[in-house]
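User: I would like to learn how to read the features of a protein model. Could you take me through one, a feature at a time?

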Amino acid sequence: MKILIIEDEKLLAQSIALLLKRKGFDVECVYDGKTGEEYALLGIYDLLIMDVMMPELNGFELAKTVREKRVTTPILMLTAKSEVEDRIKGLNAGADYYLTKPFDSRELLACINALLRRQGNEVDELSFGNTSLDLSTCILQANDKKIRLSDREFDMMRFLLQTKEKNISKELLLVRIWGFDSNATENHVEVYIGFLRKKLLSIGSNIRIEAIRRQGYHLELIDND
C-alpha cells in the first residue's frame, strides 16, 4: 500500500513515515501543500495523510481540490485544532477522518488500517497495452518476452505505468525516483528514460514513452495499423 504524507513539520512527517515503513507500507513525504497537491492528483496513492496548517496551500484547501478533481483516495487529516467547527470544516472539505495532535501511534495505525480496509488488496502487477510489470520480481514482460529491470528502471517504469497517459514532469520524476536530497539532475531522468525505451523495444512492447516539452513524459499505445 502506498501512502503520501503531506506535513510541513519534517520531523513529524519523517517519524510517521518511519513508523509506517516498519509496518510494511510504501511511504513518501512532501512538506508543503502545493507539492502535496501535485502528488495527490496523480491518483497513485492508497491513502493521503495531510496536516491542516501548511505553507502554499492548507489542508482544507488541498482536500477540497483533491475531491473536486475526482480523486477518491481516503484522506486522514492531522491538526492541532480540536474545535468541533474545525473538524466539521475538514470533513466537509473531503477528509475521511480527523486526528488531533498529539496522538498515540496506536491510534494513528488504527485509523490508517480502518481507512485502508475499503481499498482491498494491493495489486502485484501493473499493465498497459501488451506490457506488464511484476512488482515482486522487477520483470517487464510483453507477450512471451521478459527482461529484468534495475532498481531505478523499475521505480521509473512503475511510476509511468501507474500514471499512464498523464504527463509526469522531470522535476517530479527526480523527487519520486531519487529523493528530495539527491544530487541527481534532469540528465539522469533522460538517461533512464532512454534505458527503458530500449528495453520496451527489445521485448516487443506496444507502448512507448512520449516526451512533451516543458510537460514531461507519459505512456502511449503504439498504433500498428
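Analyst: Start with a term: two residues are in contact when heavy atoms of theirs lie within 4.5 Å. Note also that this is a predicted model. With that cut-off, methionine 157 touches Leu133, Leu140, Leu149, Leu196, Leu200, Ile207 and Leu219, leaving out residues up to four places away in sequence.

User: Which residues have the most contacts inside the largest nonpolar core?

Analyst: They are Met156, Met157 and Leu160, in a core of 53 residues. Helix α6, residues 151–163, gives the largest share of this core, with 6 residues. Another core lies apart from it and has 23 residues, including Ala13, Leu78, Ile112 and Leu115.

User: Now the sheet. In what order do the strands of the open sheet stand?

Analyst: The general idea is that strands of a sheet pair through backbone hydrogen bonds, in either a parallel or an antiparallel way. Here 5 strands form an open sheet with parallel pairing, in the order β2-β1-β3-β4-β5. The edges are β2 (26–30) and β5 (97–100); each has a single partner strand, so one side of each is left without a neighbour in the sheet. From one strand to the next, the twist averages 20°.

User: How many bridges join β4 and β5?

Analyst: Strand β4, residues 75–79, pairs with β5 in the parallel sense over 4 bridges. Leucine 78 stands opposite leucine 99 of β5. As for what packs on the sheet, helix α2 (residues 33–40) does, touching β1 (2–6), β2 and β3 (47–51). The direction of α2 makes about 160° with that of β1.

User: Which residues does valine 27 touch?

Analyst: Valine 27 lies in strand β2 and touches Ile3, Ile5, Ala17, Leu20 and Lys21, not counting residues up to four places away in sequence. Valine 27 has 9%, so it counts as buried.

User: Phenylalanine 60: buried or exposed?

Analyst: Buried, at 8% relative accessibility. Phenylalanine 60 is found in helix α3, residues 59–68. Leaving aside neighbours within four places in sequence, it is in contact with Val52, Met77, Asp86, Lys89, Gly90, Ala93 and Tyr98. Tyrosine 98 is 38 residues from phenylalanine 60 along the chain, and their C-alpha atoms are separated by 11 Å.

User: Are β8 and β9 parallel or antiparallel?

Analyst: Strand β8 (residues 139–142) and strand β9 (residues 145–148) pair in the antiparallel sense over 4 bridges.

User: At what angle do α7 and α8 pack?

Analyst: Two packed helices are described by the angle between their axes and the distance between the axes. Helix α7 (residues 170–178) and helix α8 (residues 186–202) pack at about 85°, with their axes 9 Å apart. The two are therefore roughly perpendicular to each other. On the α7 side, the contact is made by Lys170, Glu171, Leu173, Leu174 and Trp178. On the α8 side are Glu186, His188, Val189, Glu190 and Tyr192.

User: How many disulfides are found in the whole structure?

Analyst: The search finds 0 disulfides. For a disulfide, two cysteine sulfur atoms must lie within 2.5 Å. The sulfur of cysteine 111 is 18 Å from the closest cysteine sulfur, that of cysteine 29, which is too far for a bond. Cysteine 29 counts as buried, at 13% relative accessibility, and cysteine 111 counts as buried at 8%.

User: Which peptide bond is cis, with omega near -10°?

Analyst: The bond from lysine 101 to proline 102. Proline 102 lies in the loop between β5 and α5 (105–117).

Conventions
Residues numbered from 1 in each chain as written. Predicted model: local features only at pLDDT ≥ 70, side-chain atom pairs only at ≥ 80, totals over all residues. Heavy atoms only, no water. Pairing = 2+ DSSP bridges. Axes fitted to C-alpha atoms, helices over the stretch in contact; angles between N-to-C directions. Core = buried A, V, L, I, M, F, W, Y, C linked by side-chain atoms within 4.5 Å. Buried < 20%, exposed > 50% of the residue type's maximum accessible area, 1.4 Å probe, protein only. Parallel < 35°, antiparallel > 145°, perpendicular 65-115°, else oblique.
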